[in-house]
Amino acid sequence: MDSALVIGGTRFIGRHLVADLLDHEYDVTIFNRGTRENPFADDDRVDHVEGDRTNDTALEAAATTVDPDAVFDCVAYHPKDVRAATRLFEDCEAYVFVSSGAAYGREEIPKREGETPLHPCTAEQATDDSAESYGNRKAEGDRAVVAAADNGVRAMAVRPPIVYGPHDYTERLDWWIDRVNRFDRVVVPGDGTNVWHRVYVEDVASALRIVAERGTAGEAYNVGDRRLVTLEEMVELIGETLATEVEVVHAGPRELAAGDIDLEDYPLYRSYPHVLSTAKLAALGWEATPLEEAMARSVDDHLESDRDGDRNGPDREAEERVLSILETL
């Protein structure tokens, strides 16, 4: 494969995917509405076709104009988006849908492709835009991929959990980096041992390309850090990366109540472990970035940015009340 169309391509996963494809000598075209700054505007290796992917006519025009070998769908949030794209790009060598670990409908450790069941999706959920139906919609998108493959389309899906790294607009990891960077005492909810699988964004990008090149039609592939860390270990790793000492202070529901804080208020906290098996993807030759290297790049990008993650998590004043209570115990 020599040419790629990236639907999206300028914000986070898509931005890193374009960079990865360029590194592997693809001719790249991005297709989006042009409402966000294009980091590739001055790169003559990247063409831009403007259009709304929810408009089938615009997407069809892009399919005719670009005629790509591979299509990477980074902004398909509804099942109809996947069905439209797999129909319009049915003759491409590969179509890869960015799904999610949230598509899994049962809690088990680890969650495996083809074994762990997916969420159901009602007609109402399929057209909903709320966060509550996100996993249902991604699961139905995965089923649309299977249906397309049954009709001869080389369509596949990649399921990442929480994605972090440079240019992360969600700022979930930024919240923790900011805490460790500014304070010597950091509140960690619960006992610090909870695990929510995460994945470095450049590894998602390479996974998407590798699945397009080597994956099997109709299959989904989990992608995630190969070494999982607890929330407390993540905080300590951030401290090591910043070369600063950090005291982790555990706080349970009772202590957090002093600051009117719930456990779930903390970004990257999850009461039940969320772990994805990545063996299937690794069998294609995919490799993860060492965790220390991924964190170092993420921290460097945070320090160079104006992101502080403040829209995530409790404010420091509330945490100070919790710390005061803990000091009296």
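## Domain contact and salt bridges in a predicted model

Arginine 297 and glutamate 202 join their side chains in a salt bridge, 2.7 Å from N to O. A salt bridge here is a side-chain nitrogen of Lys or Arg within 4 Å of a carboxyl oxygen of Asp or Glu. The model is predicted: local features need pLDDT of at least 70, side-chain atom pairs count only at pLDDT 80 or more, and totals for chains, interfaces and linings use all residues. Residues are numbered from 1 along each chain as its sequence is written, and side-chain values use heavy atoms, with hydrogens and water left out.

**The two domains**

The domain assignment gives domain 1 (3–164 + 198–222) and domain 2 (172–195 + 227–271 + 291–327). Such bounds come from an automatic or database domain assignment. Taken over C-alpha atoms, the centres of domain 1 and domain 2 are 31 Å apart. Domain 1 brings 8 residues to the contact and domain 2 brings 11 residues. Contact means heavy atoms within 4.5 Å.

About 790 Å² is buried between domain 1 and domain 2, and carbon and sulfur atoms give 49% of that area. Buried area is the accessible area (1.4 Å probe) that two parts lose on being put together, summed over both. Tyr164, Arg198 and Tyr200 supply 68% of what domain 1 buries against domain 2, more than any other three residues.

The rule finds 2 salt bridges across this interface. Polar contacts link 3 residue pairs between domain 1 and domain 2, both residues at pLDDT 80 or more. A polar contact is a pair of N or O atoms within 3.5 Å; within protein, one must be able to donate a hydrogen and the other to accept it, and residues adjacent in sequence count only if both atoms are side-chain atoms.

On the side of domain 1 that touches domain 2, β7 (162–164) and β9 (198–200) each supply at least two residues. β7 gives the most, with 3 residues. Helices (H or I, at least four residues) and strands (E, at least two) are DSSP runs, numbered from the N terminus. By class, that side of domain 1 has 4 nonpolar, no polar and 4 charged residues. Ala, Val, Leu, Ile, Met, Phe, Trp, Tyr, Cys and Pro count as nonpolar, Asp, Glu, Lys and Arg as charged, and the others, Gly among them, as polar.

**Salt bridges**

The count comes to 25 salt bridges. Three of them are tabulated here.

| Pair | N to O distance |
|---|---|
| Arginine 106 and glutamate 108 | 2.8 Å |
| Glutamate 247 and arginine 185 | 3.4 Å |
| Glutamate 293 and arginine 297 | 2.1 Å |

Glutamate 247 lies in strand β11 (residues 247–251) and arginine 185 in strand β8 (residues 185–189), so the pair ties together parts 62 residues apart in sequence. Glutamate 293 and arginine 297 are 4 residues apart in helix α11 (residues 291–304), which puts about one helical turn between them. Glutamate 293 is partly exposed at 35% relative accessible area, and arginine 297 is partly exposed at 29%. Buried means under 20% relative accessible area, exposed over 50%, partly exposed in between (1.4 Å probe, protein chains only). Arg53, Asp73, Lys80 and Asp81 are linked in a salt-bridge network.

**Tyrosine 266**

Tyrosine 266 sits in the loop between α9 (253–256) and α10 (279–282). Tyrosine 266 counts as buried, at 2% relative accessibility. Beyond residues up to four places away in sequence, tyrosine 266 touches residues including Trp175, Trp176, Val187 and Pro189.
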